[in-house]
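Please look through the sequence and the structure shown here before reading on.

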Amino acid sequence: MTRYRPPPPKSAPYVTPAGFGQLQEELRVLWKVERPDVTRQVAEAAALGDRSENADYIYGKRRLGEIDRRVRYLSKRLDEVQVVDRLPDDTNRIFFGATIDLERQDGEALRYRIVGADEFDRDAHYISVDSPLAQRLLGKRKGDLISVSLESQTTRYTVIAINYPPVEDRRKNSSNAYNGQQ
């Protein structure tokens, strides 16, 4: 019996201009600030002698590995993502970057923004374009009903409003944009 697990499906390559900036800043901080600092700490710990029982050395080497893995991931991801920096042709439909007001079947009002997989945040109500809810919302219009089934429970939502950030909040010099054609 093997423990093989197929790789997870690739996430959508879309990102908002703000999300792209956050990924670039994270890469810069890891490479220019954290990595040199941890490298210095590891060198100091190594100079103390016996490395096999030196917790600072062992932890530092492990942290360097984590930083290097994240730097590799961010470098590859930044090369493949497409910054969505313009409005879709039809702003009355839900596409990437939209902020959506929903009403759940029990009357609770909810607001979500559809963003890239690298920038989703539960606290800010940002949902990944790859999530089941976002997938059901894409292409819908105000007044449309959708249902999402998770863990044998189905929840119904009504689209109340669709908004997009103002164009001046979007990056002007990005080369790739997703128009939401599905």
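At the start of helix H2, a side-chain oxygen of Asn 54 comes to within 3.1 Å of the backbone nitrogen of Asp 56. This is a predicted model, and the points below describe what its coordinates show.

**Helix H2**
- Helix H2 covers residues 55-80, which makes 26 residues, and its first and last C-alpha atoms lie 38 Å apart, close to the 38 Å expected at 1.5 Å a residue.
- Along H2, the buried residues are Tyr 57, Gly 60, Leu 64, Ile 67, Val 71, Leu 74, Arg 77 and Leu 78, and the buried residues of this helix pack against helix H1 (17-47).

**Strands E6 and E7**
- Strand E6 (residues 145-150) and strand E7 (residues 153-163) run antiparallel and are joined by 6 bridges, one of which pairs Leu 150 with Gln 153 in E7.
- The two strands E6 and E7 form a hairpin with 2 residues between them, and in that turn Glu 151 has a positive phi of about 50°.

**Confidence**
- For the protein, the mean pLDDT is 88, with 91% of its residues reaching 70 or more.
- Among the elements of the protein, the lowest mean pLDDT belongs to E6, at 91, whereas the highest belongs to strand E3 (residues 99-104), at 96.
- Over residues 169-182 the pLDDT is below 50, although this stretch has 33 contacts in the model beyond near neighbours in sequence.
- Where pLDDT is low, the predicted coordinates should not be read in detail.

Terms used
Residues numbered from 1 in each chain as written. Predicted model: local features only at pLDDT ≥ 70, side-chain atom pairs only at ≥ 80, totals over all residues. Heavy atoms only, no water. Helix = DSSP H or I, 4+ residues; strand = E, 2+ residues; numbered from the N terminus. Expected span 1.5 Å × (residues − 1). Buried < 20%, exposed > 50% of the residue type's maximum accessible area, 1.4 Å probe, protein only. Contact = heavy atoms within 4.5 Å. Polar contact = N/O pair within 3.5 Å; in protein donor to acceptor, adjacent residues only side chain to side chain. Pairing = 2+ DSSP bridges. pLDDT = per-residue confidence, 0-100.
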